[in-house]
Amino acid sequence: IGTPDRYLQGTFDILEGTVQTQVAARMGSGFAAVADDVESAGRIIPSALVEPGCRIGAHSQVGGRVVLERGVTVGEHTTVERAVVLEGATIGSNCTLSGCIVGAGVTIGDDCHVDGLSVLGKDVALGAGNIVSNGARIFPGVSLPDGALRF
């Protein structure tokens, strides 16, 4: 699991019960585990693991094949699919995340797109209107202003 692709595939195998783990047991036959205190005004689609303290905005969609670790916030009208979002990350409104890994403490502004096996390191801050794609890697702690990346 040394590449983003293999990391995501390993995670998806756990979510879908291909690999037997304690997480797979929590997921059950519905392939979804959502903590009791999750606040969701959107849709959660299996397979999905949504940990305690997460908030999902109105008209947003999380899943399939998604992990939201503790305390993740997803803004309104945002789609997160085939992604792992680590603890405490905040995703703005009108965003699309697909096939990516978002590090702990990351802040993603409104109207951003992150896809194509891209990885955002811990505590990255993306301003509004950024596009991170094609396997881009943003190193931990980097802050990018609004519209800085468009690839």
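# Briefing on a predicted chain of 18 strands and two helices

In this predicted model, residues 24 or more positions apart account for 9% of the contacts in the chain with a separation of 6 or more. The secondary structure comprises 18 strands and two helices. The radius of gyration is 14 Å, close to the 15 Å that the globule rule gives for 151 residues, so the chain is as compact as a globular protein of that length. The points below treat the chain as a whole, then its strands, and then individual residues.

**The chain as a whole**

- The C-alpha trace spans about 45 × 35 × 20 Å along the principal axes of the chain.
- Buried residues make up 42% of the 151 residues of the chain.
- The chain exposes about 7100 Å² of surface, and 51% of that area is supplied by carbon and sulfur atoms.

**The open sheet of seven strands**

- Seven strands form an open sheet with parallel pairing, in the order β2-β5-β8-β10-β12-β15-β18.
- The edges of this sheet are β2 (39-40) and β18 (143-144); each has a single partner strand, so one side of each is left without a neighbour in the sheet.
- Within the sheet, β8 (residues 73-74) pairs with β10 (residues 90-91) in the parallel sense, over two bridges.
- In this pairing, T73 stands opposite T90 of β10.

- Between S143 and L126 the C-alpha to C-alpha distance is 6.0 Å, and the two residues are 17 positions apart in sequence.

**Residue I56 in strand β5**

- I56 belongs to strand β5 (residues 55-56), a member of the open sheet.
- The relative accessibility of I56 is 4%, so I56 counts as buried, the cut-off for that class being under 20%.
- Neighbours within four places in sequence left aside, I56 is in contact with E39, S40, A41, G42, I44, V62, L68 and V74.
- G42, one of these contacts, is 14 residues from I56 in sequence and 6.0 Å from I56 in space, C-alpha to C-alpha.

**Strand β11 and its partners**

- Strand β11 (residues 96-102) is mostly covered, with six of its seven residues buried.
- Strand β9 (residues 79-85) runs parallel to β11, and six bridges join the two; V80 stands opposite L97 in β11.
- Strand β13 (residues 113-115) also pairs with β11 in the parallel sense, over three bridges.
- L97, which faces V80, stands opposite V114 in β13 as well.
- Strand β14 (residues 119-120) is joined to β11 by two bridges, and these strands run parallel; here I101 stands opposite V119.

**Cis peptide bonds**

- The peptide bond that joins P46 and S47 is cis, with an omega of about -5°.
- S47 is located in the loop between β3 (43-44) and β4 (48-50).
- A cis peptide bond also leads from G63 to G64, where omega is near -10°.
- G64 is located in the loop between β6 (61-62) and β7 (66-68).

**Positive phi angles in residues other than glycine**

- R82 is not a glycine, although its phi is positive, at about 45°.
- R82 lies in strand β9, the strand that six bridges join to β11.
- With a relative accessibility of 38%, R82 counts as partly exposed.
- D123, also a residue other than glycine, has a positive phi near 60°.
- D123 lies in the loop between β14 and β15 (125-126).
- The relative accessible area of D123 is 42%, and D123 is partly exposed.

Note on methods
Residues numbered from 1 in each chain as written. Predicted model: local features only at pLDDT ≥ 70, side-chain atom pairs only at ≥ 80, totals over all residues. Heavy atoms only, no water. Helix = DSSP H or I, 4+ residues; strand = E, 2+ residues; numbered from the N terminus. Rg over C-alpha atoms; globule rule 2.2 N^0.38 Å. Buried < 20%, exposed > 50% of the residue type's maximum accessible area, 1.4 Å probe, protein only. Contact = heavy atoms within 4.5 Å. Areas by Shrake-Rupley, 256 points an atom, 1.4 Å probe, with all protein chains shown as cover. Pairing = 2+ DSSP bridges.
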